[in-house]
Amino acid sequence: MEGFSIITAPSLWAMVPMVIFLIMTLMGKNYTMSVGIAAVLGCILTGQGPVEFAGILVDNMGGTLGQVGLIVMLGSGLGIMMDQAGINRTIVHFIMKKIGVNTEKKGMLATLFCSLLMVVLIGTLNGGNAVIAPILLPVVAAVGLTPTTVCFLMFNAGLVGVTVGPFCSAVAAALGVSGLSYVDYMKWAALPYSICWMVITFILALYIQKKTKGTERYEDVPEVGEFTASKREKGAVFAFIAAFLVMLAYGMTQSSSMKYVIFVIMVLGIVVGCFIQKPVPERIKLFTNGMSKMTHMFLSFLLTGVMIDTITLGGGWEALSEVIMNVVGGGSKYLLMIIASCVGGFGVEGAVVTQMEIVNQLFWPTATQMGIPMELWAIVLVAAVRITSVVYPSANTAAHMGFARCNNMKLLIISGWIISVIMLLFIPVWGMVATPLLGA
C-alpha cells in the first residue's frame with residue numbers, strides 16, 4: 001500500500017536522492033550501495049512502500065536499464081568464451097604481423113587499431129585491452145614506445161571502441177536512452193565524435209612519446225615470440241567475424257534497437273562455443289560464469305531505475321527543467337549542449353547508462369523546447385560519459401596503467417583534460433554543421 005508522500009510534486013526536493021547519490025559516488029563509495037541508498041530515500045520521499053518499491057524494481061527489469069544490465073552480463077560471458085576459443089590472440093597476432101611494426105609511429109597505429117578492434121569485438125573496455133596487452137607490449141617495447149604512451153593509446157582507443165561497437169553496453173545504453181537506430185546514432189553522434197577523439201589521441205600520443213622518451217622504457221619485457229594459430233583457432237576467428245558481420249548487416253538494414261543486441265550476443269556465443277573443445281554443459285557453464293562477474297552491475301542498474309522513477313514521481317525532473325530553462329532562457333541551444341555535457345562529464349559519476357539517463361532526464365525537456373533533435377542531442381549523451389572517463393582517475397585508468405606497466409598518472413590525467421576541453425569545443429562546432437543537414 002502506498003504511504004504518505006513527504007513532498008508534493010513537482011518539487012525540487014525530489015532531487016535530493018540524486019544529490020546524495022552523486023556525493024557518495026564522487027567520494028568513492030561503492031556504486032551499488034550509493035544508488036541503493038538513493039533509491040530507498042526516493043521511495044520514502046514519495047511515499048512508496050515495500051510493495052511499490054518491488055513493483056518499480058520489477059518494471060525496470062524490462063526497461064532500458066534492465067536490458068543494458070543484461071547486455072553487460074551476456075557480453076562478459078561472450079568475452080570469456082572468445083578467449084577460451086583463442087579468437088582474441090589470433091586476431092591480434094595477425095594484425096601486428098600485417099602492419100609490420102618497425103617504427104614508433106607504426107607502433108602507435110598498431111596499438112590504436114588493435115585496441116579499437118578488440119574492444120569492439122569483445123564489447124568491453126578492460127576486457128578488450130587485457131587481451132591485447134601481453135601480445136602488444138613486446139612489439140611496441142622493441143620500437144621504443146614508452147609505457148605512458150602505450151597506456152594512453154590503449155585507453156583512449158578503447159574508449160572509442162565502446163562508443164562505436166554495435167554490441168557494447170555504452171552503445172546499447174545510448175540507443176535505449178535516445179531511441180535512435182544504430183545507423184542514426186553512428187551517423188550523427190558516435191562517428192563524428194570518435195573520429196575527432198582518435199585524431200586528438202594520436203597527436204597527443206606523439207607529444208607524450210617525445211616527453212617521456214629517455215626517462216621511461218620497458219624493463220624485462222619478453223621478446224616477441226612466434227605464434228601460429230591452430231586450424232581450430234583460425235576457424236573460430238573466421239566463423240566469429242562472419243557471424244558478427246552478418247548480424248551487424250541485418251541489424252542495420254532493419255534499423256534494429258538495443259534489444260537486438262541481446263539476441264546477437266547469444267548467437268555469437270553459440271558460434272564461438274562450437275570451437276571450444278569441451279562438452280556442451282561445460283561451454284554453458286563457462287558462459288554463465290562469465291556472466292556472473294557482472295551481476296552486481298545488473299543489480300545497480302535496477303536500483304538506478306528505482307531512483308530515477310521516484311524522482312519522476314516527485315516531479316523532480318519537471319521542477320529542475322523549469323530552473324534550467326529560466327537560467328538558459330532563449331539562449332543558444334549549443335550553450336545548453338555544452339552545459340549538459342559538462343554536467344554529465346564532470347558532475348555525474350557512475351555506470352554509463354546511469355550517466356546518460358540522468359543527463360537526458362535533466363536536460364532533454366529543455367532541449368526539446370529549444371528545438372534540438374535527438375540525432376543532435378545524442379552527441380551530448382556520448383560526451384557526458386566519455387569525458388568522465390579521462391578527467392578523473394578511475395578503476396578503468398588504474399586497470400590500463402597495469403596493462404601497460406605505466407605509473408605516470410599525472411601526465412595521463414593532464415592529457416585527459418586537454419582532450420575533454422577540445423571535445424567540449426567540438427560539440428557546438430558539430431552542432432552548427434549538423435543542424436542544417438538535419439533541417440533543424
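Visitor: Hi! Which side chain does Glu 219 meet in a salt bridge?
Guide: Glu 219 pairs with Arg 217, at 3.1 Å from N to O. Keep in mind that this is a predicted model.

Visitor: How many salt bridges does the count come to?
Guide: The count comes to two salt bridges. Besides the Glu 219 pair, there is one between Lys 213 and Glu 104, whose closest N and O atoms are 2.7 Å apart.

Visitor: New topic: helices. How do the axes of α4 and α9 cross?
Guide: The axes of α4 (residues 64–84) and α9 (residues 169–178) come within 9 Å and cross at roughly 160°. An angle over 145 degrees counts as roughly antiparallel, so that is the label for α4 and α9. Their crossing is right-handed.

Visitor: Nice. Which residues meet there?
Guide: From α4 you have Thr 64, Val 68, Ile 71 and Val 72, and they meet Ser 169, Ala 172, Ala 173, Gly 176 and Val 177 of α9.

Visitor: And what's that contact like by class?
Guide: The contact of α4 with α9 has six nonpolar and three polar residues, with no charged ones.

Key: Residues are numbered from 1 along each chain as its sequence is written. This is a predicted model: local features need pLDDT of at least 70, side-chain atom pairs count only at pLDDT 80 or more; totals for chains, interfaces and linings use all residues. Side-chain values use heavy atoms; hydrogens and water are left out. Axes are lines fitted to C-alpha atoms, for helices over the stretch in contact, and angles run from 0 to 180 degrees between N-to-C directions. Helices (H or I, at least four residues) and strands (E, at least two) are DSSP runs, numbered from the N terminus. Angles under 35 degrees count as roughly parallel, over 145 as roughly antiparallel, 65 to 115 as roughly perpendicular and the rest as oblique. A crossing is left-handed if the near helix is turned anticlockwise from the far one by less than a right angle, and right-handed if clockwise. Contact means heavy atoms within 4.5 Å. Ala, Val, Leu, Ile, Met, Phe, Trp, Tyr, Cys and Pro count as nonpolar, Asp, Glu, Lys and Arg as charged, and the others, Gly among them, as polar. A salt bridge is a side-chain nitrogen of Lys or Arg within 4 Å of a carboxyl oxygen of Asp or Glu.
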